[in-house]
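Trainee: Please take a close look at one part of this structure, the sheet and the loops that go with it. I would like one connected account, with the cut-offs stated.

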Amino acid sequence: MTLSNGTSDGTIRWGILGTGFIAGLQTQDLKENGFAVQAVGSRSLESSKAFAEQYGVATAHGSYEDLVADPLVDVVYIATPHPFHHANALLALNAGKHVLVEKAFTMNAREAQDIVHLAESKGLVALEAMWTRFLPHMIRLRELIAAGAIGEVRKVVATHNQSLPKDPAHRLNDPALGGGALLDLGIYPISFAFDILGTPASIKASASMSATGVDRQTAAIFEYASGAQAIVDCELDAASANRAMVIGTEGWIDIEHTWYNPVPFTVHAVDGTVVERYDQPVNSRGMQYQAAELERLIRAGETAGIILPPAETVAIMAAMDEIRKQIGLRYESDAVPEGTQE
């Protein structure tokens, strides 16, 4: 399928919920590609004003409640740490706003389903901000696979290893803040496996835990009824080239470092001959494409697209729930709320 060029006519107005690093990256890409960033909200008015000044945002709100109540905001981009996505998304949806929610979408599948159900009931878009899905090289990769360029897909291999802060108090190492490699890093290769092969029939996972009780490194094998496999891994205290491959009966596709960014890939025939090399530079970092998809859905009056429908986001969270169950990683949010059934 053909995706938009990642630009906007500026008629749909965005609000940014959260003022951290990822919020800045998304806002910069929005501003550079014609999107209307109307407002920003933080728990601190000082932080909100500083962010608004840095990125040229018209309105700074001193609370999330004020942001979602802003009548000039149509869409809320949720950029807080993932333990807060559930509450933040429900807040925005209940205020009648569409939401683009950073990944990991939530802490678990139950929270993800809550968001999806509420969005559907209100006719609003709830899109996971898995920006890689919407990049031009991934659109082309799916086209090639669908056309049989590498035959029957037998295996997906994808990794996401980084050397990140070692401070035990850092968010990434804190169980109370959803720390660990899986939710922050593993979400990328897991989502890629779903993209290419769909929901696995079974999962086998293994991990090594950190001194703070989160997964330092995790690996999993996804097994499919067709006999295909996906091998995914992630690590937060050691870096790697972070490449990915899709292997088929008639060849393979090699996606270069760092595969989840807008990078080149090469299609090889079985004998190693280069069939195609795809290398299309993009404007900005590339996070504008997911925003363009959300705006497309709004204009089309749709709440689910085919690249990353809400039901697949829930299934991805369920897969990560299963991995966490196997490796013994549990978060406070996994406790079943009172008045609900397991």
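Mentor: Two strands count as paired if DSSP finds at least two bridges between them. The strands themselves are DSSP runs of E with at least two residues, helices are runs of H or I with at least four, and both are numbered from the N terminus. The model is predicted, so local features need pLDDT of at least 70 and side-chain atom pairs count only at pLDDT 80 or more, while totals for chains, interfaces and linings use all residues. Residues are numbered from 1 along each chain as its sequence is written, and side-chain values use heavy atoms, with hydrogens and water left out.

The part in question is an open sheet of 8 strands with mixed pairing, in the order β8-β9-β10-β7-β11-β12-β13-β14. Its edges are β8 (202-209) and β14; each has a single partner strand, so one side of each is left without a neighbour in the sheet. From one strand to the next the twist averages 10°; axes are lines fitted to C-alpha atoms, for helices over the stretch in contact, and angles run from 0 to 180 degrees between N-to-C directions.

Val267 has Glu276 of β14 as its bridge partner. Helix α7 (residues 181-197) packs on the sheet and touches β7 (153-161), β9 (215-223), β10, β11 and β12, where contact means heavy atoms within 4.5 Å. The direction of α7 makes about 160° with that of β10.

Now the loops. Most residues other than glycine have a negative phi, and most peptide bonds are trans. Asn242, in the loop between β10 (229-235) and β11 (244-248), is not a glycine, yet its phi is positive, about 55°. Ser284 also has a positive phi of about 55° without being a glycine; this residue lies in the loop between β14 (274-278) and α8. Asn242 is buried, with a relative accessible area of 4%, whereas Ser284 is partly exposed, at 30%. Buried here means under 20% relative accessible area, exposed over 50%, and partly exposed in between, with a 1.4 Å probe and protein chains only.

The peptide bond from His257 to Thr258 is cis, with omega near -15°. Thr258 belongs to the loop between β12 (251-255) and β13 (265-269).
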